[in-house]
Amino acid sequence: MPYTHDVAVVGAGPAGLAAAVESAEAGLAVVLVDAAGQPGGQYWRHYDESHARPGDHRGHHGWSAFTRLRDRLDVLTADGRIHYLPGHQVWLITRDDPGVFTLRVTRSFGGSAGRVGAGVSGGTETGPSRAVAARALILCPGGYDRQLPVPGWDLPGVMAAGGAQALLKGHRTLAGRRAVVAGTGPFLLPVATGLARAGASLAAVVEANGTLGWLRDPVGAMSVPGKGVEALQYAVLMARHRIPYRRRTVIREILGEDRVEAVRMARVDREGRLTGPDREVAADLVALGWGFTPSLELPLMLGVDTRKDVDGSLVVVVDDLQRSSVDGVYVAGEATGVGGAALAVAEGRLSALALSASLRRPATAAVVRRLQRAIRRGRKFAAAMHRAYPVPGAWTEWLAEPTLVCRCEEVSYGDLLRACHDLGAEDARTLKMLARPGMGWCQGRMCGFATAEIASCLSGRETTAEDLRSLSTRSLAFPVTLGELAALTDDTASDGTASEATTERG
């Protein structure tokens with residue numbers, strides 16, 4: 001049996017880093033598992049630390065907060081108070097003993113660069129997955145770019161806005177020389193300015209909404225004053241690089257033969273209905289971003305309660321101490337609602353303090369109250385931004401029948417229309433079973449939100465949490481080899497519990 005830690009923290013982004021160091025400094029035995037080769041998550045993604053050079057952190061916000069957390073992590077890891085496993089991902093969690101969670105971890109595809117993990121008890125760095133045991137969990141899985149299908153989005157040269165930024169931050173690589181950044185929300189600005197500073201020519205930033213949407217909730221928009229300073233900095237950079245900013249405009253088609261050659265843009269109204277003539281702009285890179293989707297594979301695997309958030313995402317329900325509906329499971333960061341790094345750090349710290357208090361290691365009440373106030377302010381600001389930059393309600397009207405919705409299974413919008421009108425699919429789950437969106441390699445990570453939205457639109461109703469949940473629940477959090485599944489069965493043959501759990505989910 002593996003050593004049982006007090007807490008397993010999954011994810012080393014802003015929330016996970018804060019949760020791990022706070023837990024260890026409170027005296028808990030911590031294991032920190034992260035798919036990346038070095039800490040920071042998507043927000044603080046950076047070049048390989050072993051080859052870093054001055055200026056590699058340029059463009060990062062809150063970099064000093066990250067370096068402080070990283071330094072504390074290094075000290076606690078060296079002291080043996082945190083068992084840090086970079087380059088590993090958790091693909092299955094079971095709770096066979098009521099007091100202990102078992103996490104199955106394996107080497108991640110992207111985990112070779114950066115730091116070298118200490119290995120998992122009972123296995124080797126390249127061997128089959130092994131078990132990590134803990135009495136409690138703090139899940140900080142983060143999120144990824146939400147995507148909406150558009151004609152031509154499957155061409156080479158089209159990528160998520162976060163993907164273009166990740167190549168730049170993590171690998172110093174420009175994804176293209178003439179770019180269009182499109183979608184909605186403040187995240188488009190750091191992507192565009194980052195590309196421009198690296199030498200790309202920005203043909204346009206294409207924003208589907210207006211710029212005064214924050215007036216819908218001015219109190220919430222002003223609840224985090226520092227964000228206004230950031231917005232002003234981006235406005236200055238946009239002007240310096242002479243980047244055109246197209247408001248209430250969308251990309252209605254991406255043009256090209258073997259790769260992106262141009263985009264066709266059009267004006268839209270507040271609901272997203274096309275109102276103006278097309279305008280064609282040459283480009284070799286299109287970076288699309290429609291907000292973010294939380295990664296909920298692990299929380300849903302454990303049966304936590306969920307809800308639909310202001311931005312339309314499925315998120316985990318937590319109380320004012322970051323506790324989920326499942327005893328011993330705390331959730332922090334984007335999985336509880338997309339809100340940025342500062343909010344995620346506060347939630348990670350609070351979850352660690354709440355857990356340590358539950359184990360009779362009480363935290364200072366003043367610190368807990370201060371964190372709770374910061375989280376409330378962060379949530380108000382996030383809600384205001386979600387209301388200011390919603391996904392346009394009429395976006396499905398941009399689609400043509402041949403437009404691919406699920407690229408893995410090559411399911412088109414026309415296939416979904418026929419499944420609805422001819423076969424009676426009235427909800428996302430039935431649409432998935434009859435037309436197969438979300439059944440390919442990515443298991444709905446890319447097309448799940450769009451499929452749920454299309455299903456509700458075709459049925460003339462609002463998207464529900466159940467629609468989203470049916471396309472977010474997965475038997476295994478990540479693809480693993482048949483050998484790893486076989487090893488799981490062999491390891492648990494004596495009592496059969498994990499094998500039965502796997503069979504039930506499959």
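Does L434 count as buried, partly exposed or exposed, and at what relative accessibility? L434 counts as partly exposed because its relative accessibility is 42%, where buried means under 20% relative accessible area, exposed means over 50%, and partly exposed lies in between (1.4 Å probe, protein chains only).

The model is a predicted one, in which local features need pLDDT of at least 70 and side-chain atom pairs count only at pLDDT 80 or more, while totals for chains, interfaces and linings use all residues. Residues are numbered from 1 along each chain as its sequence is written, and side-chain values use heavy atoms, with hydrogens and water left out.

The protein holds 15 helices and 21 strands, these being DSSP runs numbered from the N terminus (helices H or I, at least four residues; strands E, at least two). Of its 506 residues, 53% count as buried, and its accessible surface comes to about 21700 Å², with 53% of that belonging to carbon and sulfur atoms; accessible areas come from the Shrake-Rupley method with a 1.4 Å probe, and for residues only the protein chains shown count as cover. Among contacts (heavy atoms within 4.5 Å) between residues at least 6 apart in sequence, 67% join residues at least 24 apart.

L434 is found in helix α11, residues 428-435, and together with L423 and M433 it makes a nonpolar surface patch of about 300 Å². Patches are made of residues with over 30% relative accessible area and no salt bridge, with like charges joined within 9 Å and nonpolar side chains (Val, Leu, Ile, Met, Phe, Trp, Tyr) within 5 Å; a salt bridge is a side-chain nitrogen of Lys or Arg within 4 Å of a carboxyl oxygen of Asp or Glu.

The table sets out three residues by accessibility.

| Residue | Relative accessibility | Class |
|---|---|---|
| L434 | 42% | partly exposed |
| T451 | 0% | buried |
| T481 | 46% | partly exposed |

T451 lies in helix α12, residues 448-458, and, leaving aside residues up to four places away in sequence, it touches V405, L431, P437 and L471. T481, by contrast, lies in the loop between α13 (465-470) and α14 (482-491), and its C-alpha atom is separated by 9.9 Å from that of T106, 375 residues apart along the chain.

Helix α8, residues 341-358, has 18 residues and reaches 26 Å from its first C-alpha to its last, close to the 26 Å expected at 1.5 Å a residue, the expected span being 1.5 Å times one less than the number of residues. Helix α8 is mostly covered, with 14 of its 18 residues buried, and it is followed by R360, whose phi is positive, near 65°.
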